[in-house]
Amino acid sequence: MKIILLLLILTGEWLSAATNNPHILKHPFPYQASFTIISDLHRTPVKAFEAVHKLINSTEVITPESKEWKILGFDQWATDAPAPKEIRGFGFPFSDTFWFYDAQFAFFKTYDVNHNRLIPHSPSLTDKFLQWYRKGYIASLHDYGVGPITRPMAIAATDWMLKNLPHRVTVNLNHSKSATPSGVANPCCTLLNQVLVHVRYDLFRLLGLGHRLAEPKSLPGNLLAWGYGMFFFALLLLGLTALSLLLKRNDKIRWTFVFLLAALFLLGALQKKKVDFYFGDNPDSQMYNLDQLRRLGVRFFWTVNSDYWQATTHAINLPETRLPDGRTTIFRVYTFDDGSKGLFFLRNTINGKWQTLQLLQKDSLRRLCQVKGTTVLYLHWLSKWQNYFNRKGLNYLQTLKRMADDSLIWLASGPELLQHSYAYSYLNYRANIRGDSVLIHLNYFDDPIEGKRPIRLKALKDISFYCGRAAGVRIYLKNNLLPQKLFKTIRRKDGIYVTIL
C-alpha cells in the first residue's frame, strides 16, 4: 500500500503542483479521490436500522453475544473459514435517504388535511428519526413519501422540517416511479415504449417466463389501458392491411392504404404521447411540491429516469464535464416541468443491490485515485442487510476503509460530497502572489443556473488550495481577512497546502 501511495503522489495532483501556481484542488488535501454511499431507506425494522448504522457509522465493537451480531446475519456465515471473534464498526460518514411520510417507517404516518395536523405513528417514530438525522444516519429526502403526497402535505412537511431539523436538507432523490407520483422529474419515455415493455412482460408471463424480466412500473391513471387499446387496434389494422395485400384484389387496394395509414397514425400517437411518472414539478398538479423542496434548501437532484451510472469493477468514477476554466463538474443542468432548472447528479451502481459492493475491489479503488475521480454509490442496504454484510461484503468495505485511512480516498456523506463538488467546480476565486505570500480572494459561486451566488464560508468546507512555496497564506472572503483558525495549513517539500475548515 505504501508503494501505491508513493506512485499516486508522484503521478497525482502534487506533481501538477510543481508549477508553483496557486490553484484550487479537486479533492480535500491530501486525498486523491472522493467517495460516498447514498443508500435508500425504505421500510426497515428499527432494530435492523440501528444495527446497520452501528456497523457502518460507529467504531464500536460488535460481538457474537450482541443483538446486532444476529440481526446482521453474522451467525449465518459459512463455517469453511474461522468466524471472527468480533467485528468493529467502520466509522464511515455515509448517510441514507428518508421519507417524511410513510404508513410504517418515517417521521410521520400521514397528514390530516381537514384538521391541519401531522399524524404520528403509534408508538411515535418522530424522535427516533430526529435522533438519526442529528447523528447523520439519514440526510437526504427520498421524496416526501410513498403514494400521492398532495401539496398541503408537502407544505406541512416542509414547515415542520424547517422548524425542527438542525440543518437544511440539500439533496432530493426520487423513489420508484409508480410508488411516488409526487416526485420531481420530466417525462421519461413514450407511451409506445411503455406499452411494448408491458406487452413483452405479459407474453413472458403467459409462457411461464415472467421471472426473467423485472415487472414494469404501473402507469399513472388509465394511461396503460388507453395505450393497450390503441396498440392492439393498430395491430388489428396492420393485420387487415396484410390480409388485403394477400388477397390481391384491386377493388380492396384503397382499403389497404386506409388500414395502413390508420395503423401508422395510432402508433405515431402512442410514440408522441409522453409518459410522466412524477408530478411534483407540474404546477397544474395537486401534487406540485418543487417550490417546497427549494424552500427546504434542496439544491441537488437525482431523478431515477436516467440518473444511474452503470459502473464496472474497472471504473467506478462518475463521468465529468470539463468547464471553460479547465475544472470539471459531475453536475448537469436539468429543466423541470414548471420551467425552473436544477443541478442533477448520477449515482454509481451495478443493480442497486448487494452485488454493487463488488465495485469496491482494490483495483477499481486504485484506478479511482489515479483518475482523481468521484463516486456516489447507490445501494439498498437497509432492505436486505444480510446480503450486504456477509464475509465478502465486509472485506470490500474494509478495503475502502484502508484506502481512506491511508489518505487516498476522502469519505463524506452524500450532501457533504455534493456540496464540496459544487464548490470546487463553481467557486470564482483569485490567487495572487504578493512578495513571499499568497493572497486568495474568494469572490462568489459562478452558478450555471443562477449566475453569481454569494458565498457562505460553511459552503466551502474542506476546499483545499495549493499555494506554492510561499512563506504564508492569507484568505479573503468579501474582502474580509479570514482568521487562521478557520483554515488549516500544511507544509510539504513542494509547498504549502491550505484547507478551509
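How much accessible surface does the protein have, and what share of it belongs to carbon and sulfur atoms? Show the surface in your viewer: it comes to about 24,200 Å², with 55% belonging to carbon and sulfur. Keep in mind that you're looking at a predicted model.

**The whole protein**

Now switch to cartoon view. You'll find 14 helices and 28 strands. Taken along the principal axes, the C-alpha atoms fill a box of roughly 95 × 60 × 55 Å. There are 501 residues here, and 52% of them count as buried.

Next, colour by charge. The protein carries 62 positive and 37 negative side chains, yet the centres of the two sets lie 3 Å apart.

**Zooming in on Asp96**

Select residues 95–98, which make up strand β5, and pick out Asp96 within that strand. Is Asp96 buried or exposed? Asp96 is buried, and it has no salt bridge. Select Arg347 as well: this is the nearest side chain of opposite charge, and it sits 8.5 Å away.

So what does the side chain of Asp96 make polar contacts with? Show His53 first: its side chain makes a polar contact with that of Asp96 at 2.5 Å.

Leaving out residues up to four places away in sequence, Asp96 touches a group including Ser39, Leu41, Phe49, Tyr137, Ile138, Ala139, Ser140 and Leu382. His53 and Trp381 belong to that group too.

Conventions: Residues are numbered from 1 along each chain as its sequence is written. This is a predicted model: local features need pLDDT of at least 70, side-chain atom pairs count only at pLDDT 80 or more; totals for chains, interfaces and linings use all residues. Side-chain values use heavy atoms; hydrogens and water are left out. Helices (H or I, at least four residues) and strands (E, at least two) are DSSP runs, numbered from the N terminus. Buried means under 20% relative accessible area, exposed over 50%, partly exposed in between (1.4 Å probe, protein chains only). Accessible areas come from the Shrake-Rupley method with a 1.4 Å probe; for residues, only the protein chains shown count as cover. Lys and Arg count as positive and Asp and Glu as negative; His and the chain ends are not counted. The place of a charge is taken as NZ of Lys, CZ of Arg, CG of Asp or CD of Glu. A salt bridge is a side-chain nitrogen of Lys or Arg within 4 Å of a carboxyl oxygen of Asp or Glu. A polar contact is a pair of N or O atoms within 3.5 Å; within protein, one must be able to donate a hydrogen and the other to accept it, and residues adjacent in sequence count only if both atoms are side-chain atoms. Contact means heavy atoms within 4.5 Å.
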